[in-house]
Every structure is written in C-alpha cells, then in structure tokens.
Amino acid sequence: MAASTWWKGAQLPLFGPRVRTASSRTDGRDGRRAVERIVDVGRIVGVDAFVGVAVLACLAALSSPDVSFANWSCDDPLASHTVNELPEGYFVFADWTGNVVPDGSGGFYTTWEENANASVARCRLQRVDATGNRLWGTEGLVLFDMDDQHTPHVVADPSGSGVYAFTASSPTPEANFEVRLQRFGPNGERLWGPFGRVVFQACGTPSYRPAMVSDGADGFFLSVVTSSLPNEVRIQHVSADGDLLWAGGSPCGITAVTSLDSIFNHGVLADGQGGLFLSYDEFAGNNTGGLNVRAERLDANGDPVWGTGNGIMVCNRQLDQFANAPLPDGEGGVLIFWYSRHSPDFFDYVGGQRLDGDGNALWAPNGEQVLPLSNYLSGVMADGEGGAWISVWQWGDERDNYLQRVTKDAVPVYPDMIPISLAPARQYGAGLAPDGAGGCFLVWTDWRNGGTMEQDIYFQHVDAAGQILEQVDGAPVTMEPELQGADWALTTDENGGVFVVWDNNSPFDGIFAERLPCTEPADAPSVIVDASPALRIAPNPFPPSEGIARIDLSGVVSAESAIERIEIFDIGGRRLQTLRSSGEPDTRSSFLWDGTDHEGRAVPSGVYKVSAVSPSRTFSGSIIVTR
C-alpha cells in the first residue's frame, strides 16, 4: 500500500524518526538514552495546542469542506505498523519533535528534528489531510537548507493559507544563538527561500527557549529567555511578512522584563489591543530559595504597562511556584495558574490569580488555592467562558489523573474532581485540547499494562457538563509492546475531535498519529458516566423546551441505601431547587427536573450541579441547561 495514503483511521506512521518534546516528556526513560526532563510549564501541550485555534476555527467554519468521519474507524491498538522509508544513515536517537496544529481544512501540520550520521541536525515539516494522506512527501519537507537547526515549532497562519515554522540554532559559541522563521504556502512551497528569515539573534547574550504565539491579528510575538544572570525575557513582534516591528527592526528584540535572578518558565498571550501579557517565574530567594510568579503587560509599541523592570508580583509565597502561560478571562484580563510546593519534596497544590487589564489582582492576595491539596498540575486550558480546565495527577502508590474546571471567580464548576483514570500503576501528565463544544480531550502516558518499559497512550473525552464520554479510566490510543508515547502532542481537528501525534519506540521507531474519538459523534456510546458514575442524567445537555430531565440512580438505590434528598445548585453554590427533601428515605431510583428553581422560574442556560444524598454517601454530577 502506498505510504502516502496508508491511513486506517489509527496509528499512521507519519515519518521515520524518533522524536521527543519537552512539553510531553514523562518520567519513563528510553533504555538507549537517558534524557533529563525539561520542565517548561509555559509550553504544556494543552496550552500550546490551544494557541491559534479560535482564529482557525472561525476560518474553517466559513471555508472548510464538510469533513466526514466515515474513514476513521480505529485499528486494534495492539497492532504493529511499519514505518516509511528512512534516510540513509539515519540516526534515531536524540531527536526532537515540535508540536502539531490544525491546518484549517480538517487536517494538521507537525514538525520534528532529524539527526543523520549522529551529528547533522535538520528539521522537517509534514501536512496530513483530514483523511490521513501525507501531502508533502513520505519524509516531509526540510525547513532550511542548512544544518545545526533544532527545536522546531509550527505556528498556524492566521490567514489559513499555509503555515509558519521556526527553529533555533546554537552554534559555538552559544552567544550566536538565533531563531529562523520559514513560511510555507498551502502546497508546501517555501515562500522565504532556502534559508528563511532570521527573526531573533542573541546579540552577544546566550539565549534559549524560544516560543511564538499569535498576536491576535496576522502576526506573531516571539519570546526567548537569556541564560546569563540576571535572566531576561526578550520579545520581538513579527509581521505576517516576517518584518521585525519592534526595536527598530533589530533582531535582538526588546527586553520585556529583567529578573532578579533566574527565570524558569515564561508564557505570552496577545491582549487584543496590539500588545501582550507576559507571565513568568523567577528565583528570588524568598527566605527559602523559592520561585515567585510575576507578570507584565506590554502595549502595542512594546512599552511596559505594569511597572518597569520586572513587572508586578503575582505570588511570592514561600517555596516554589512554577508559573503557567496566561489565559484570557474574557473581560480584557488574564488568569495565571501555577503549581506550588508546600514542602521541599512535593508540589502539592494548584494556585491561581486573575488580573484585570490594569494589573489589579481580582482574587485573594498571593492568589487562590483553586484545587484541594495533593493535586499536581498537568495542564491548563481556557474554557472559552473566561474560566479554565485544569488537569492534575494525585500522589500515591499509584498516580491517578483528575480534572476540574474553575470559573473566572475561582469557583470550581463541578462538585467533585472528575476522575479521568484510576487504573492500576501510573497515569499522569494529561494534556488538554478543546472539543469545540465546551468540553475537552485529555491525553496521557499510561503504565497500566506493565512497568516503565511498557508505556502506552490513553485518552478521555469530557463534555461541558463534566461527563466522561469514553470508557471509564480512558480508552487506549496505542498499546503496542514496550515504549509508546514517551513524547506526544495533540491539537483539535476542528470538527469536534482531536489529533494525537506521538513517537513509536517499539516494535518500530517512528512518528505515528491518530484521530479521536474513534467513532462518529452520532455513533458514540449512549452510556453517561459522571463524576459519581452511579448518577446518570439524560438528556444532557438539557433543553427544557423539549421536555424534562431524568436523574437516575437505579444502580445504588435500595432499602438500605435510599435517597434522602436531591438538590440543584448553580456554579456559585446557591441551592436553586430541591426535588426530594422529606424526612423518610425515598426508594425511587428516578427523579425529574423541569429546569425551574424553587419559585417556578426558568433557570438560564448554563452548568448546574446535581447532588443526591443517601444515608451513606453523596452522589454528584452536572447538567447543562440550553435554552
């Protein structure tokens, strides 16, 4: 079968090389090489995957063809697949993947670094269409006709007519670090020649960790961190044509902030007015040798808005706070989350702060603890309503994945943390991507089928009501023998699904992809599993104009475990309706709600909490009302 068209709905071997990413690296180790995990919270997969999606989704809705899911029936996740041809002398160790973004037509772009002859590094780009065809050859396209290019990254073209990709090179001496940008047309033509355009140079100061995000219009913000102390975050505004708009066109960019010491993570978000928000953490020695979280805003000219030098303080609690990239709050401000270490050995809570456009803190000083203790941050993603999805893992003999959503007012949307995977062994590090309907997909590396050398990939789909749509504890993406998915990335497919791209270590090295969910949305299983699996709500979403909602507890109700009361709350915790509150337990297993409060008024569209209380425990879930 032709390599350019082999796509059976699952696990397509896109390219030959092994790859790795900082954003999805797990604690598993390849026996042939041990690579230290790079902690770069600002590039958590779920965050990167969300950048540029809104613009592309709008374009796709206007111009993209109606993509059918008919060609996407999943293969057996235990099946083996042959990789396509490798270049002669290909070196499969120490490779690096970039990321994956939608192409605006139901497919995706992805990029990776290849190392031939154990020394020469080049970066390649591939485009895959909605039905799985490789559009740019069996080995992809070379970004630049030059060696020593590393850490590739692909950025969506806001016009939807192509894609941008950049690399970082670090020749000796390190101070010669530079970032090159290439623009590709829709047919893979390199629009900026064989060497692209230099959009950043270290200018005598060693630099690293380049990142690029949309400027909210047709250009980009490029940010890097300098590695000489004290660290700086330098930024350049790049037009769609590759022109450098700040610092008089200097490739050195402007200095956005200068830290007191070392900067570990940073993230940038366009502010919708031509400027940007910047969050970062810095080593500040706050009596414990810890990390503070700080933020800055730059206007359209690159001038600081929130003070000068190093911005404003967001959190300076004792010990460490590792900052995430800012997320929009829908009102001109930002949400910033971090994971905080209460003890020297463990990161044990997720904190956050909301800042308005002027930099004023809208939550408690030093932020709110938005989740219970012993939840360790995996990923965050804007929910499209000013709040955020937060995926975490919990410490224990077995590490388990959970999910919560918080509003712009720091209120948890769901009564309980949603269990994503409680399977045996370790599952953690779940990345996030939007499903286009208010919910999200989660993808993680999983050890349930063996030890650290039996590494698989699983996924879960959660709707806006907090209901799990795939099987309990997640569905497998790949379960081939030995190591799969030490590195992976994900993005929306713009049609209610998600693409996952990962490295396949055994039985063949290579890069593979999957489109999820495995069935057409209309054919998805009708079983609804909530945070309390015994509580089922249907229909959900619930349009009151079309009938009533049924709350079913048939799996738990008995003479010994009857329901004492059923209550409906809004996301702020206010009780709106009580469906059952008599002193005698009720052995009915089904209760009805018509979408009104206790005064008979219709509740507005939104997410509501359902609580069912029995003598021994409380069952909880959520329902979406649509009017």
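This is a predicted model: local features need pLDDT of at least 70, side-chain atom pairs count only at pLDDT 80 or more; totals for chains, interfaces and linings use all residues.
So, which residue takes a positive phi in the hairpin of β14 and β15?

Residues are numbered from 1 along each chain as its sequence is written, and side-chain values use heavy atoms, with hydrogens and water left out.

Confidence next. pLDDT is the predictor's own confidence in each residue, on a scale from 0 to 100. The chain averages 76, with 72% of its residues at 70 or more. Residues 1–13 stay under 50, and the model gives them 57 contacts beyond four places in sequence; a contact here means heavy atoms within 4.5 Å. Another stretch below 50 is 78–95, with 65 contacts beyond near neighbours in sequence.

Okay, back to the hairpin. The answer is G272: its phi is positive, near 80 degrees, and the hairpin has 5 residues between the strands. Strands, by the way, are DSSP runs of E, at least two residues, numbered from the N terminus, and two of them pair if DSSP finds at least two bridges between them. β14, residues 263–270, runs antiparallel to β15 with 6 bridges, and G267 sits opposite S279 in β15.

On its other partner, β16 (residues 291–298), β15 makes 8 bridges, antiparallel again. There, D281 faces V293. Is β15 buried or exposed? Largely enclosed by the rest of the structure, because 7 of its 8 residues, 276–283, are buried. Buried means under 20% relative accessible area, exposed is over 50%, and partly exposed is in between, using a 1.4 Å probe and protein chains only.

N310 counts as buried, because its relative accessibility is 14%. Leaving out residues up to four places away in sequence, N310 touches V257, T258, L260, Y280, E282, R294 and A295.

Last stop, further along the chain. Here 4 strands make an open antiparallel sheet, ordered β27-β28-β29-β30. The edges are β27 (427–434) and β30 (475–478), each pairing on one side only. Neighbouring strands in this sheet are turned by 30 degrees on average, direction ignored; the axes are lines fitted to C-alpha atoms, and angles run from 0 to 180 degrees between N-to-C directions. β29 (residues 456–462) joins β30 through 3 bridges, and I457 has T478 as its bridge partner there.
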